[in-house]
Amino acid sequence: MEITMENIRNGFEEVGYISDPEVIVTVYLALKLQKPILIEGEPGVGKTELGKVLSQIFHTDLIRLQCYEGLDENKALYEWNYQKQLLKIQIMKETPSCDHVEDDLFSREYLLERPLLKAIQSEKKPVLLIDEVDKTDEEFEAFLFELLSDFQVSVPELGTLIAEKIPMVVLTSNNERELSDGLKRRCIYLFLDFPTVEREVAIIKAKVPEITDKLTRQIAKAVNLIRQNTEIKKKPSIAETLDWARALLTLNEDGLSEKVVKQTINILLKTKTDIESFNKQIGAAALDEFARS
Amino acid sequence: MDKTLEANIVRFTHLLRLTGIKVGSGEVIDALNALTFIDFSDREQFKIALRSILVKRKGERDIFDHTFDLYFAPLEERERQQIEHQMRQKQKQQQIEEAEQDLTFEEEKLELSEEEKYLYSQMDQEDKSKIKEYIKKAEEGKSRIWEPTVKSLIENVVKGALRKWLHSHQDQVDLKDRVSTGDEQLDYILEDLDHSAPSRDESLMYEDMQHIKDKDLPKANLLIRRLAKHLVTRISRRYKRSRRHQLLDLRRTIRDNIRYGGTMFKLKYRSKRIQKPKLILICDVSGSMARYASLVLQFIYGIHSVLGQIESFIFSDDLEKISHHFHPGSDFNQLMVDIMNESRIWGGGTRLHKSLSTLRTNYSTLLTSDAYIIILSDTKTEAIDDTLQELQAIKKSVKDILWLNTLPEQEWEKSKSTKTFQALIKMYPCNTLNDIEKITHSKIFN
């Protein structure tokens, strides 16, 4: 697919990813400039989804590196297949001429590719999703610099491996810690906020088409109000909005009511503290009234 | 690309740097490259393209948007900005000249800085009259013998009065005096930004916690919660990182590899247990520390909700333990009310030596070699020498003592207590939320 704004917009629409011009222009520029996209935002606003959607619309592989504390090069880039190397040594013990064993042992045959190397070696331009990069340590972040700016990695025994096809890289961060300036400089930045009521209406319609317009609007307004409350710590994600919509559909509700909000609020809010805060700060009756207004 | 557009983008990035947004040369080049791919006659597309390349923090987006709107404004709008800028400059000059006329002693101008004169011009009539009255009385009652020193004495008194007035009217006066960039358009845009830019969360970060207004407290509390979360992340990471230095577990390796005839196919490692440091927080809640205390307790509350191993105390005349108030799911506002209602010492005087002595006597089991003590206080206490002795005694039992000092750093040099304790204890400024952020990023527990 040719990279144009029009094609990206159409592609997003086809797979049901409702986005605004900011997302489209940023993705378009990242692809044109061959730069990674760094997406920040609250959990559940569709950061990871964007990576998945890109692989769908470009009909290519999604290579995902899920970051966590303590992630290192061995798990992210490559590892030597130690067992296979030992087996080779055992076999070669029986063979008298084994001059080249040492060279053989560090050939690609014995290399276990991890996501980053897989992305570099891929024959078809893949989407590399480095998810929740803020969970890694600062050293790992620095290790990513070479990959993200030059799309190459160094394996001491093999030398520098340069990407055959520059991957489309998407990094996501929940902003648990501030990322380094070095990493940010190498990326194009996109901040994804929770959707507006209008956009959320469009998302619900795209994902739960059976639901009535009236209920869709009420759900979007109610969720929007809950998210604005600063006392609620884990704000409802888009996925939770959709779950709520599906639940209300299953219950054959065609509109919100105080009773139904009380019965189903646990689909949106997942902790006891948040439910208590909701009851204290907003309350089912007020939410229902606001959503209906 | 059109050279004018190129120059304009470079100038715009220069302006962004002056507003505090970090823009590197690489990003400027990227921005110029990006323009070859977009339709820059489409204003929205043009703005998004520049923002996605030049801005890398959520908090800077509003400032960018505002700067963009001013810089790339239509011609009429730019002319309006220029006229307003000139009018403001003229008005300020006029106010300073009027102040000069008021502030004379025996028809001779008092030696005050431009900033001080401007400050005077911002006072209401009643406050101005008090200063004028004072000068007038000094003129009437002065002795000819002391004439040369009388004027400088009056100048010092006036300066003191202006400083005092500023302290209580900080919200009303904008003393930001930007150095000219040498580019008139940039100057008036910057001035316009000072007057009309949306307040970003970051501005709260630099405000003395004592002066944070009630209306900004919810925002400050959110920032504090974020900082607490960052600190907890750092603390846990520091220990997890040590897992990298794995040791080979020879016993388990041999046992597991017997099935392969003793060949070491599978290596087994010993991993270090993840430990988080034991923290003892001691927070000053004496009269002068009230506002800091409520914000810092919010910070402690944030840490408590994630990290269990904290013992928290408050002190003024004596020490009180408050850890039991911080249980999961507790509401912070209710918690503050409970602490304040239960406390016998909230808002009292400051007797740190007595409080530390109580800590040593009643809570000696907490003072172990793996514990860090964090004291939050402005160091203003009775019996400095006794306090120092107590600190010396406690320091021997614990891993380290860290002091978060709420006194502005520039005043440390003048404060005897700060200088005394600083000789023994590592001290970090903790006057603004930005200071707290720096602490969360520093490796203070190393």
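A disulfide is taken here as a pair of cysteine sulfur atoms within 2.5 Å. By that rule, zero disulfides are counted over all chains of this predicted model.

Turning to the interface, 41 residues from chain A and 40 residues from chain B take part in the contact (heavy atoms within 4.5 Å). About 3,700 Å² is buried between the two chains, 51% of it from carbon and sulfur atoms; this is the accessible area (1.4 Å probe) lost on putting the two parts together, summed over both. On the chain A side, A:Glu69, A:Glu176 and A:Tyr189 lose the most area to chain B, together 16% of what that side buries.

Five salt bridges cross the interface of chain A and chain B, each a side-chain nitrogen of Lys or Arg within 4 Å of a carboxyl oxygen of Asp or Glu. A:Asp181 and B:Lys22 meet through their side chains in a salt bridge, at 2.8 Å from N to O.

Residues are numbered from 1 along each chain as its sequence is written, and chains are lettered from A in the order in which they are written. Local features need pLDDT of at least 70 and side-chain atom pairs 80 or more, while totals for chains, interfaces and linings use all residues, and side-chain values use heavy atoms, leaving out hydrogens and water.
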